[in-house]
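Please walk through this structure with me.

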Amino acid sequence: MKENADYSVQRCDDGKYRWRYELDMWKNPSILILIFKIFFWVCIGIWGFMIILTLIEDGWNLDKIWDTSLPFLILIGVFTVIALISYAIVAAMYGGKYIVLFEMDEKGVNHCQINAQAMRARKLGIITAAAGVATGNLTTAGIGATSASRSSMYTSFDNVRSVQCHKHRNLIKVNERFFKNQVYVRDEDFDFVYEYIKSHCPKIR
């Protein structure tokens, strides 16, 4: 495996592709958008259920429908403010960077978070990862990051139902039925990773 200090996609000695990505949390809103989408659909589901109950009890009564809907509108507004403040605090704690190490082979892709929380939780593993990154050995870095990661999200290509491309955000969404993995790739490697993932997901052909 070649040494490469810029952390572009590399094929390692164990046959896996690995790369590091540093998401600028101030400029790239992907994580914030994901948070809002989850909350939005939860609210829509609860709101829809309450509207159905209102229609069953009171029929098509606009005043009742409005009375049911108003608390949800207020809740969405309150959550928006709280989410923005919380996101800003977390981004500041992370130094504005969400650092991820990705591992990918013919079977799937693994999204391993590397951050201060992971360092405190499993110091030995993160030291191994740091040593691998420092020497350009992403095989070592991958092993260390997997053990040290606070969160690791693995997606098997056999279970993928759709792959979505958001190149302007350096984002590839790899979607199973009930789970979505977010894969971040630098511009120069984006097309390769996107085509590789699509070509190895039999259910989207």
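Buried means under 20% relative accessible area, exposed means over 50%, and partly exposed lies in between (1.4 Å probe, protein chains only). The model is predicted: local features need pLDDT of at least 70, side-chain atom pairs count only at pLDDT 80 or more, and totals for chains, interfaces and linings use all residues. Residues are numbered from 1 along each chain as its sequence is written, and side-chain values use heavy atoms, with hydrogens and water left out.

Start with Lys198, which is partly exposed at 27% relative accessibility. Lys198 forms a salt bridge with Glu195, with the closest N and O atoms 3.8 Å apart. A salt bridge here is a side-chain nitrogen of Lys or Arg within 4 Å of a carboxyl oxygen of Asp or Glu. Lys198 and Glu195 are three residues apart in helix α6, so about one helical turn separates them. Helices (H or I, at least four residues) and strands (E, at least two) are DSSP runs, numbered from the N terminus. Glu195 is partly exposed at 43%.

The structure holds six salt bridges. One of them joins Arg18 and Asp14 at 2.9 Å, N to O. Arg18 is buried, at 2%, while Asp14 is partly exposed at 40%. Asp14, Arg18 and Glu103 are linked in a salt-bridge network. Glu103 is also the bridge partner of Arg18 in β3.

Strands β2 and β3 pair antiparallel over eight bridges; pairing requires at least two DSSP bridges between the strands. The open sheet has five strands in the order β1-β2-β3-β4-β5, with antiparallel pairing. β1 (10-11) and β5 (152-156) stand at the edges with a single partner strand each, so one side of each has no neighbour in the sheet.

Elsewhere, β6 (residues 162-166) and β7 (residues 171-175) run antiparallel, joined by five bridges. His166 stands opposite Leu171 in β7. Four residues lie between the strands of this hairpin, where Asn170 takes a positive phi near 55°.

Now the inside. The largest nonpolar core has 31 residues, and those with the most contacts inside it include Trp19, Ile172 and Val183. Such a core is a set of buried Ala, Val, Leu, Ile, Met, Phe, Trp, Tyr and Cys residues joined through side-chain atoms within 4.5 Å. Its largest share, five residues, comes from α6.

Finish at helix α1 (residues 30-58), which holds Ile56. Ile56 is exposed, at 66% relative accessibility.
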